[in-house]
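Dear colleague,

I am passing on a structure for you to look at, and below it I have set out what I found. Please read the notes with the model open beside them.

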Amino acid sequence: MATAAPSLYRRALPSPPAVDFTSADGKRLFAEALAAGTMEGFFGLASCFQTQSEPAFCGLASLAVVLNALAIDPGRRCKGQGPHWRWFDESMLDCCEPLDAVKANGITFGKVACLAHCAGAKVQPFRAHQVTVDDLRRHLVRCASSTDCHLIASYNRRHFKQTGTGHFSPIGGYHAGQDMALILDVARFKYPPHWVPLSLLWEAMNTTDESTGLLRGFMLVSRHSADPSSLYTVSCRDESWKSMAKYCVEDLPNLLKTENLDNVPTLLSHLIGSFPTNAGSFIKWVVEARRKEECGQCLSKEEEERLLVKENVLQQVRDTRLFMIIHDLQCASIQCCNCSPSNEDPVTRIAASVWCQGAAMLSRNLASSDSLCCSGAAMLSRNLASSDSLCCSETCFKCVPANGDGPKTAISDFVVSEGNEPGVSMLLPMCHHSRSPYNSSMRDEIIKYPSSGDVLTVLLLALHPGTWSSIIDERLKAEFQTLVSTDDLPDVLKREILHLRRQLYYLKACKDEEYEDPVPPSP
């Protein structure tokens with residue numbers, strides 16, 4: 001008869017120094033802190049709390065709890081919750097480090113901060129050498145007294161006489177009279193939530209992570225005051241982002257040193273032709289999505305407002321001189337090779353996917369077509385794919401009634417997944433046709449929807465200004481730096497570009513395994 005594998009059922013919480021949350025003293029501390037107003041953040045965390053599913057998933061579990069408590073929409077379905085529901089779980093936090101690597105080795109402080117940023121949160125990481133225990137207390141009081149910010153601690157368990165070493169957990173509250181913090185331990189199978197002296201928590205944070213040689217610390221995670229991305233976002237949910245990050249940071253500056261680059265069109269042609277073949281997985285455009293049952297309804301006020309913001313961003317991109325030059329180059333390339341506008345080029349592959357707001361994440365290759373539909377709306381041909389093995393069984397274009405400036409165009413898909421067939425409609429932002437002021441012969445046919453030229457434009461604008469210092473020709477350098485400067489951009493587009501720039505900086509830090517806190521440089 002086979003012997004059952006040995007197992008454990010929890011551990012006794014060493015007390016002191018910790019106080020069990022469910023003990024009489026723990027309940028008293030909770031009641032007093034609640035009366036003092038420093039348990040406000042607890043309820044959101046408690047309602048979304050989950051236990052880490054793997055021994056090394058404490059960082060992922062802590063972040064999933066906090067992201068859900070902040071009501072941040074992941075933009076894609078969670079596994080095991082049916083075809084419709086979007087909710088953060090550990091398996092979705094895989095963009096900065098493969099889950100298998102986290103399962104085997106855990107995750108570092110810097111990469112948890114990077115994950116929070118990639119998930120759409122605002123994150124402020126602090127290592128112990130950057131702050132004092134008084135700073136920790138001040139930040140904890142602010143988080144514990146509100147519902148819009150949460151603190152995740154990275155600490156060494158041994159300072160609490162617990163088994164194990166490095167650990168992550170969210171902090172659920174603060175008792176000012178006793179100067180104690182409530183740790184909501186995500187390893188609930190091991191230890192229950194418990195109160196600890198703040199000074200001891202600080203000592204546990206002020207320890208070195210042997211895998212990086214850097215001190216631990218804490219991070220503040222909150223919502224952005226507005227959506228960080230209106231129309232464009234950077235994605236690192238597959239390995240291709242590493243080659244694109246390498247291209248932007250290392251290869252591109254070397255390409256700029258080519259001596260025969262003497263004008264802007266030649267420079268841009270040189271850059272376009274050198275893009276990695278998998279660049280299409282790197283930049284996504286963000287679309288508004290609707291459920292099947294909503295497809296025949298008028299747009300809500302909120303949908304119209306979000307779509308208007310996207311249209312404004314799209315129009316502002318099209319109004320830049322950089323976009324006009326890029327579009328001229330694309331048209332010249334099409335005319336030169338007698339291609340139809342629907343043929344893909346290296347630039348078109350950049351616009352290979354979309355991030356759906358309110359639906360599963362769908363990846364699409366976008367290209368314009370000569371076919372017209374829905375009051376002259378350009379038909380978009382694309383390849384449909386998804387990380388969740390979705391397939392598209394039916395696609396059509398339709399007009400969606402709006403209360404304002406006329407009907408909007410939508411792509412409607414019936415997406416088959418695991419035997420279910422949920423309908424998804426994506427509302428397409430549009431901008432007016434405009435003729436290039438830089439090329440009078442250019443046809444009056446700038447496509448109305450997000451295109452490859454738009455994506456390339458925002459990518460070049462989002463690169464750090466220092467990128468262009470490698471250009472040898474001083475006159476060309478000055479002209480191109482003016483062309484990509486954000487100084488004179490409209491405020492809405494400028495915010496979009498600076499957010500993309502911060503995303504690129506975070507990804508560079510992850511790519512190079514720079515475990516220091518990825519604080520973006522000033523624009």
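I begin with strand S5 (residues 180-183), from which Met 180 and Leu 182 point one way while Ala 181 and Ile 183 point the other, all of them being buried; buried here means under 20% relative accessible area, exposed over 50% and partly exposed in between, with a 1.4 Å probe and protein chains only. Helices (H or I, at least four residues) and strands (E, at least two) are DSSP runs numbered from the N terminus.

This is a predicted model, in which local features need pLDDT of at least 70 and side-chain atom pairs count only at pLDDT 80 or more, whereas totals for chains, interfaces and linings use all residues. Residues are numbered from 1 along each chain as its sequence is written, and side-chain values use heavy atoms, with hydrogens and water left out.

Strand S5 pairs with S4 (residues 166-175) in the antiparallel sense over 4 bridges, where pairing requires that DSSP finds at least two bridges between the strands. Ala 181 is the bridge partner of Tyr 174, and in the hairpin of S4 and S5, with 4 residues between the strands, Asp 179 takes a positive phi near 50°. S5 is also joined by 4 bridges to strand S6 (residues 194-197), again in an antiparallel arrangement, with His 194 as the bridge partner of Ile 183.

In helix H2 (residues 40-47), the buried residues are Gly 41, Phe 42 and Leu 45. These lie on the same side of H2, because they cover an arc of only 105° around the axis, taken from the directions from the helix axis to the C-beta atoms. Their cover includes helix H1 (24-36), strand S4 and strand S5.

As for aromatic pairs, the whole structure holds 8; ring centres must lie within 6.5 Å, and planes under 30 degrees apart count as stacked, over 60 as edge-to-face and the rest as tilted. Phe 30 and Phe 42 form an edge-to-face pair, at 5.3 Å centre to centre and 65° between the planes, which links helix H1 to helix H2 across 12 residues. Phe 30, at 18% relative accessibility, counts as buried, whereas Phe 43 is partly exposed at 43%. One aromatic cluster is formed by Phe 21, Phe 30, Phe 42 and Phe 43.

On confidence, the mean pLDDT (the predictor's confidence in each residue, from 0 to 100) is 75, and 65% of the residues reach 70 or more.

Notes:
Contact = heavy atoms within 4.5 Å. Phe/Tyr/Trp six-rings, centres within 6.5 Å; stacked < 30°, edge-to-face > 60°.
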